[in-house]
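We will go from the whole chain to single side chains, one stop at a time.

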Amino acid sequence: MGYDRTVSVKGSFEQVQSKVRDALAEQGFGVLTEIDVQATLKAKLGHDMEPYLILGACNPPLANQALEADRSIGLLLPCNVVVRADGDQVVVQAVDPGTMVTLTGLDAMAAVAREATLRLDAALASLKGTGA
């Protein structure tokens, strides 16, 4: 089962991660949390790796709809978006909102997942044409 929506973008990591934030905002997502995995693993384990950022994105109206359908859905919120360096490109990945439907089995979650998918896909598609 696939669980991601992914695009690869040419550009510097800094440029792309900034454009990801803008693209998410244009689709109504705010970034609530940010985890710099590269810095964390370096500080805690002395491990070197490529730039890797996890953004916890949230669209409040969609989160509210999902929580109204199932209070336990908070386990899957906010939507994680990964921005990571991969050679001369930056990979941007968002969790597929359809996993909420698959994991919960709730029909009420389908409309929320469809809308979230449309918005995340629009944000990702906007990155492909930018050349960051």
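The radius of gyration used here is taken over C-alpha atoms, and the globule rule is 2.2 Å times the number of residues to the power 0.38. With 132 residues, a compact globule would come out near 14 Å, and the chain has 15 Å, which agrees.

Two notes before you click. This is a predicted model, in which local features need pLDDT of at least 70 and side-chain atom pairs count only at pLDDT 80 or more, while totals for chains, interfaces and linings use all residues. Residues are numbered from 1 along each chain as its sequence is written, and side-chain values use heavy atoms, with hydrogens and water left out.

**Stop 1: the whole chain**

Show the C-alpha trace, which spans about 40 × 35 × 25 Å along its principal axes. Now colour by secondary structure: there are 5 helices and 5 strands (DSSP runs numbered from the N terminus, helices being H or I of at least four residues and strands E of at least two). Following the sequence, you will pass through β-α-β-α-β-α-β-β-α-α.

Of the 132 residues, 35% count as buried. Buried means under 20% relative accessible area, exposed means over 50%, and partly exposed lies in between (1.4 Å probe, protein chains only).

**Stop 2: the nonpolar cores**

Hide the surface and select V16, V20, L24, V81, V83, V92 and L127. These are the residues with the most contacts inside the largest nonpolar core, which has 22 residues. A nonpolar core is a set of buried Ala, Val, Leu, Ile, Met, Phe, Trp, Tyr and Cys residues joined through side-chain atoms within 4.5 Å. Two or more residues each come from β1, α1, β3 (52-58), β4 (79-86), β5 (89-95) and α5. Helix α1 gives the most, with 5 residues.

In soluble globular proteins, nonpolar side chains tend to be buried together.

Centre on L127. Beyond its neighbours within four places in sequence, L127 is in contact with V7, V9, K19, V20, A23 and V92.

**Stop 3**

Select Q93, in strand β5. Is Q93 buried or exposed? At 18% relative accessibility, Q93 counts as buried. Leaving aside neighbours within four places in sequence, its contacts are D4, R5, T6, N80, V81, V82 and R84. Try the distance tool on Q93 and V82: their C-alpha atoms are 5.0 Å apart, although 11 residues separate them along the chain.

**Stop 4: the salt bridges**

A search of the whole structure finds 7 salt bridges, each defined as a side-chain nitrogen of Lys or Arg within 4 Å of a carboxyl oxygen of Asp or Glu.

Start with D121 and R5, whose closest N and O atoms are 2.5 Å apart. D121 lies in helix α5 (residues 108-128) and R5 in strand β1 (residues 4-10), so the pair ties together parts that are 116 residues apart in sequence. D121 is partly exposed at 28%, and R5 is partly exposed at 25%.

Next, pick E34 and R21, which meet in a salt bridge at 2.6 Å, N to O. E34 sits in strand β2 (residues 30-36) and R21 in helix α1 (residues 13-26), 13 residues apart. E34 is partly exposed at 46%.

Then move to D48 and K42, bridged at 2.9 Å, N to O. D48 counts as exposed at 58%, whereas K42 is partly exposed at 41%.

**Stop 5: a nonpolar patch outside**

Finally, bring the surface back and select L75, L76 and L103. They form a nonpolar patch on the surface, with about 340 Å² of accessible area together. Patches are made of residues with over 30% relative accessible area and no salt bridge, like charges being joined within 9 Å and nonpolar side chains (Val, Leu, Ile, Met, Phe, Trp, Tyr) within 5 Å. L103 belongs to helix α4 (residues 98-104) and is exposed, with a relative accessible area of 59%.

Notes:
Areas by Shrake-Rupley, 256 points an atom, 1.4 Å probe, with all protein chains shown as cover. Contact = heavy atoms within 4.5 Å.
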